Amino acid sequence: MSTLIAPHGNAALKPLLLPPEEREEGLKRARALRKLPLSSREVSDLFMLAMGAYSPLDGFMGRADWRGACLDMRLENGLFWPLPITLSCGDDFAAAVGDEVALTDADGEILGILSVAEKYAIDRDLECREVYRTTDEAHPGVAKVMAQGPVNLAGRVSVLSEGHFPETYRGLYLRPAETRALFAEKGWSTVAAFQTRNPMHRSHEFLARVAIEVCDGVLIHQVLGALKEGDIPADVRVRTIDWLVANHFPEGRAIQAGYPIEMRYAGPREALLHALFRQNFGCSHLVVGRDHAGVGNYYGPYDAHRIFDEIGDDSLAIRPLKIDDTFYCFDCRGMATGNSCFAAAAGEALPGEEDRYRGVAAVATGTAAGRDCPNGDAGKLRISGTRLREMFANRETIPPEYSRDGVVAILQAHYDAAAD
């Protein structure tokens, strides 16, 4: 009997991808239906529904669920859900309740069928104010909401295709049922999810290693969907993480996988969604770092930490591992965090790296108190994303305290190829 955490809502996983033997018949039926092209975000949500990551949803939300998710993070039936999962169209899209509609990507490939149960107007300003805390269209998530149609269609979906993801990311594209089987095969009962949309440098490595001190293993979970301009492509990130796991992680304690979501950059609300669907993947904990899922200056650096304290105990079974800003401290001669350095004060012996992992893990789980790094900012190595890109573009030396040499080599080759 599995000892893994139950899926969200204590219900069975509900993948909406039709079995292979039913897809050809479904596709034949879909070809005769009215076609509705989806935005890239809607496609990514359809794929998350397909794999069961959004269990127990059975399709796109109706008005009551949309409004509940926006205003109080609860669906009409009381289930906790922090972000709306919706499908929009124009006023002129001729679909009525009871119709079936073929869902396509921007190129016209049929991906699924929607059984229309509801058609309703939405308040895009309300959604942006509540979910993103801003209506500023410079925010990429807000821009997506404002660009969608004024009407939502709701209903059950039957998914016919997961696009290119299973083939492009063979062995990496793991559905919730597959990660759960893999965890059970390893004998894991507690698993920490480490969310990433970036290559893993020393600070990210440190966070993941801290998670291993808390749990049986860590799932390094890559965003494979669309990101914002300038982000490193998924295949490059995958290679950096493969190298890092092979060379600097305890053997057999880390699994890398990918999933097809498109980031909304909704900060605290998105951190909650990340926790929710990681519970479906079988994870008992989620690493929540500084400005988790944020963008620009729209959210405070620890808003995503605090929001987990603001939701009810019945909201989520998965638990956050809240970890502060992470950096290399030259004075402490090792990795440290802003509120739990575990570096030596004057006259003390310097702890080893494993001791630092265990110390920060104790703070993240609330079993110990950390202390602020005793040294000033001058000794802390921090490089912004913009500055790092400049350094790669100019072939400047990346400090080994910031990033491992194998990671740097892979990224430098990527930047060199892009410049040619």
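The sulfur of Cys70 lies 8.9 Å from the closest cysteine sulfur, that of Cys128, which is too far for a bond. A disulfide is taken as a pair of cysteine sulfur atoms within 2.5 Å. A search of the whole structure finds 0 disulfides. Cys89 is in no disulfide, and its nearest cysteine sulfur, in Cys70, is 17 Å away. Cys70 counts as buried because its relative accessibility is 0%. Cys89 is also buried, at 5% relative accessibility. Buried means under 20% relative accessible area, exposed over 50%, and partly exposed in between, with a 1.4 Å probe and protein chains only.

The model is predicted: local features need pLDDT of at least 70, side-chain atom pairs count only at pLDDT 80 or more, and totals for chains, interfaces and linings use all residues. Residues are numbered from 1 along each chain as its sequence is written, and side-chain values use heavy atoms, with hydrogens and water left out.

Aromatic contacts were examined next. Rings of Phe, Tyr and Trp (its six-membered ring) pair if their centres lie within 6.5 Å; planes under 30 degrees apart count as stacked, over 60 as edge-to-face and the rest as tilted. By this rule there are 11 aromatic pairs. Phe183 and Trp188 form a stacked pair, 5.7 Å centre to centre with 25° between the planes. Both Phe183 and Trp188 are buried. One aromatic cluster is formed by Tyr54, Trp81, Tyr259, Phe277 and Phe281.

Helices (H or I, at least four residues) and strands (E, at least two) are DSSP runs, numbered from the N terminus. Helix H10 covers residues 268-281 and has 14 residues. From first C-alpha to last, H10 reaches 20 Å, close to the 20 Å expected at 1.5 Å a residue. The expected span is 1.5 Å times one less than the number of residues. H10 is mostly covered, with 14 of its 14 residues buried. Gly282 follows H10 and has a positive phi, near 105°.

The largest pocket holds about 1500 Å³ of space. A pocket is an open set of points on a 1 Å grid over the protein atoms alone, where a 1.4 Å probe fits, with protein on both sides within 12 Å along at least five of seven lines; lining residues have an atom within 4 Å of a point. Grid points are joined across faces, edges and corners, and the volume is the space filled by probe spheres set on the points. The lining has 47 residues, of which Asn198, His204, Arg290, Gly385 and Tyr402 lie nearest the pocket centre. Elements giving two or more residues include strand E7 (191-196) and helix H8 (202-214). H13 gives the most to this lining, with 5 residues.
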